[in-house]
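Please look over the model shown here before reading on. The note is set out as numbered points.

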Amino acid sequence: WWSELMKKPWFGVKAYGIGIGPKSLPGWLSMFAYVAAMVGVSTLGGWLNPPPPSWIVGAIMLALTVGLFVLIGLKSDGKPWRWRWGGR
């Protein structure tokens with residue numbers, strides 16, 4: 001069942017409006033991991049002494065965001081991102 005789950009798209013286009021979102025468990029878990037990593041990185045200054053320079057925190061956040069977009073591109077259903085009106 002795991003290999004079958006990995007073959008399916010993790011992200012798909014929205015039924016209403018424009019954009020893409022998670023449509024399977026791995027997609028939701030990757031979004032949760034992204035948010036948790038962003039929160040963790042944003043609080044680095046409180047954990048470390050001395051706190052890291054802000055450009056390092058920004059670079060890590062940028063790398064996480066680029067990684068998320070690459071993952072979305074690789075694991076999406078391949079449909080074009082356009083405005084949708086539901087089932088019409």
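This is a predicted model: local features need pLDDT of at least 70, side-chain atom pairs count only at pLDDT 80 or more; totals for chains, interfaces and linings use all residues.

1. Residues are numbered from 1 along each chain as its sequence is written, and side-chain values use heavy atoms, with hydrogens and water left out.

2. The axes of helix α2 (residues 25-42) and helix α4 (residues 54-74) come within 10 Å and cross at roughly 175°. The two helices α2 and α4 are therefore roughly antiparallel (angles over 145 degrees). Contacts (heavy atoms within 4.5 Å) link S30, M31, Y34, A37, M38, V41 and S42 of α2 with V57, I60, M61, L64, T65, L68 and L71 of α4.

3. S24 sits in the loop between β3 (20-22) and α2. S24 counts as buried because its relative accessibility is 14% (buried means under 20% relative accessible area, exposed over 50%, with a 1.4 Å probe and protein chains only). Leaving aside residues up to four places away in sequence, S24 touches P9 and W10.

4. G46 belongs to helix α3 (residues 44-47) and, at 71% relative accessibility, counts as exposed. Its C-alpha atom is separated by 40 Å from that of D77, 31 residues apart along the chain.

5. I18, F69, W81, W83 and W85 make a nonpolar surface patch of about 650 Å² (residues with over 30% relative accessible area and no salt bridge, nonpolar side chains joined within 5 Å). W85, in strand β4 (residues 84-85), counts as exposed at 53% relative accessibility.

Conventions. Patches are made of residues with over 30% relative accessible area and no salt bridge: like charges are joined within 9 Å, nonpolar side chains (Val, Leu, Ile, Met, Phe, Trp, Tyr) within 5 Å. Accessible areas come from the Shrake-Rupley method with a 1.4 Å probe; for residues, only the protein chains shown count as cover. A salt bridge is a side-chain nitrogen of Lys or Arg within 4 Å of a carboxyl oxygen of Asp or Glu. Helices (H or I, at least four residues) and strands (E, at least two) are DSSP runs, numbered from the N terminus. Axes are lines fitted to C-alpha atoms, for helices over the stretch in contact, and angles run from 0 to 180 degrees between N-to-C directions. Angles under 35 degrees count as roughly parallel, over 145 as roughly antiparallel, 65 to 115 as roughly perpendicular and the rest as oblique.
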